[in-house]
Amino acid sequence: MPTLPLSLDLLLLPTWLVPVEPAGVVLKDHGVGIADGRIVFIGPRLEALKHTARETRELPDMLLTPGLVNAHGHAAMTLFRGMADDLPLMTWLEQHIWPAEAKWVDEDFVRDGTDLAIAEQLKGGISCFSDMYFYPRTACERVHNSGIRAQIAIPVLDFPIPGASSADEALRQAVELFGDLKHHPRIKIAFGPHAPYTVGDENLEKVRVMADELDAAIQMHVHETAFEVQQAVEQHAERPIARLARLGLLGPRFQAVHMTQISDTDLAMLVESNASVIHCPESNLKLASGFCPVERLWLAGVNVAVGTDGAASNNDLDLLGETRTAALLAKAVAGSATALDAHRALRMATLNGARALGLDNDIGSIESGKAADLVAFDLSGLAQQPVYDPVSQLIYATGRDCAKHLWVGGKHLLDDGKLTRMDEQQLCATAKAWGQRISSQPH
Ligand SMILES: [Zn+2]
């Protein structure tokens, strides 16, 4: 503990503080001091008040946690929200989403859809998200302007996609973006080969070589459904995760999204490679894809993060709600009420997400030296009373509307529930106009 008074930019004084690391700790009447966008002090309120701060903010009846990390999504798909519901995955993709994307997705679509997604996420306590969508340079611009933090995974498929006529072109764009944004404080470029059934061995090998060279992460949908695994076994006599292991893709920088089908051998490969799994329970439920065995993975030592997936298949970007679903579903799937307790659920939505994205040295917990990515949830409402354990209240009894303040790198992006850098009315009007255009010209 420093003895000299610190000179802080901001001092936050919440009623409860949950640092996430160390695990399971709730600090009452503590303060967090921030200087140059980083956390420099955590200590009891009386100690905190001895330091000088340019701004001191009392957060009564509020719980301060690390900003939530939405580890998987397709941001601009907000503009397709609710367009094709209640359909199985392949029908949904082949007959609705892919034709709509071919018709509508351009740079303007990605700009407006990504802005809408960023605004929705900030309002729900999310300070960092992962994106895998077309025109990634445009998504990077929106992230840069908004102040949020993101991993942008460049989509790679064997066939032409909006903005890239081939996988080689997508890979060239990825390398260029990687070079341009190497030193960006809030944007990390990754590779996003879509899924085992849309990317062949040749392109996957190219992804592996480039990712190794650049020390970049790879995010991919893997084992989303039983059908995907069954078809791969019938056609190639190999389970997709085994194929990825054979091609050398699995490793600590690999992020396997979904994993609803896990054999003992699959689990051993995940453990051995130290890859992360990104669980998207609501998308899996809605598309009837299956259940990711979170507790089994967790107990085996696999890092499990949580993501909302795109708004066209969820249909919201509500990571707090997603985390509650994950906590409830984990118990049903494991047949055990002790599975994924509230504190571990919050860890999954923060530090595990940061670790999956390779950002855990910088974000994911409230620790001295980390970036000040923080969210304050208001627990003063009727539905939160009485508060025995604020983390239990947050996970099981609180909606994302209770996110009142949010900072990314110490920048105040949500102030008393209001976005400080984005115009909510304008975003709604733009989204409505897209909806009218799209519904007036069915694909
Ligand atoms: Zn997805």
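A nonpolar core, as the term is used in this tour, is a set of buried Ala, Val, Leu, Ile, Met, Phe, Trp, Tyr and Cys residues joined through side-chain atoms within 4.5 Å, where buried means under 20% relative accessible area, exposed over 50% and partly exposed in between, with a 1.4 Å probe and protein chains only. The model on screen is predicted, so that local features need pLDDT of at least 70 and side-chain atom pairs count only at pLDDT 80 or more, while totals for chains, interfaces and linings use all residues. Residues are numbered from 1 along each chain as its sequence is written, and side-chain values use heavy atoms, with hydrogens and water left out.

**The nonpolar cores**

Begin by selecting Phe 109 and Phe 254, which touch the most other members of the largest nonpolar core, a set of 111 residues. Helix 3 (residues 107-123) supplies the largest share of this core, 7 residues; helices (H or I, at least four residues) and strands (E, at least two) are DSSP runs, numbered from the N terminus. Both domain 1 (7-66 + 371-409) and domain 2 (68-356) give at least three residues to this core, the domain bounds coming from an automatic or database domain assignment. Apart from it lies another core, of 14 residues, which includes Ile 366, Ala 372, Ala 376 and Trp 407.

Stay on Phe 109 and show its surroundings: once neighbours within four places in sequence are set aside, Phe 109 is in contact (heavy atoms within 4.5 Å) with Ala 76, Leu 79, Phe 80, Trp 104, Thr 114, Tyr 133, Trp 434 and Ile 438.

**The zinc site**

Next, select the zinc ion together with His 72 (NE2), His 74 (NE2), His 221 (NE2) and Asp 309 (OD), which coordinate the ion at 2.1 to 2.3 Å. Donors here are N, O and S atoms within 2.8 Å of the metal (3.2 Å for Na, K and Ca), and since water is not among the atoms, sites may look incomplete. The angles among the 4 donor atoms run from 88 to 171 degrees, and the site is classed as irregular. Under the criteria applied, four donors count as tetrahedral if all angles lie between 85 and 135 degrees, four count as square planar and six as octahedral if opposite donors are over 155 degrees apart and all others between 65 and 115, and anything else is irregular.

Along the sequence, the donor residues follow the spacing H-x1-H-x146-H-x87-D. Distant parts of the chain are linked here, with His 74 in the loop between strand 6 (68-70) and helix 2 (89-104) and His 221 in strand 10 (residues 218-222), 147 residues apart. His 74 is buried at a relative accessible area of 9%, and His 221 is buried at 5%.

**Strand 10 and what follows it**

Gln 219 has Gln 255 as its bridge partner in strand 11.

Move to strand 1 (residues 7-17) and strand 5 (residues 52-66), which run parallel and are joined by 9 bridges, with Leu 11 partnered by Thr 56 in strand 5. Strand 5 also pairs in the antiparallel sense with strand 14 (residues 374-378), over 5 bridges, and there the partner of Leu 64 is Ala 376.

Finally, select Pro 22, in the loop between strand 1 and strand 2 (27-28), where the peptide bond from Glu 21 is cis, with omega near 0 degrees. Then select Pro 386, in the loop between strand 14 and helix 15 (390-397), where the bond from Gln 385 is cis, with omega near -15 degrees.

Definitions and conventions
Two strands pair if DSSP finds at least two bridges between them.
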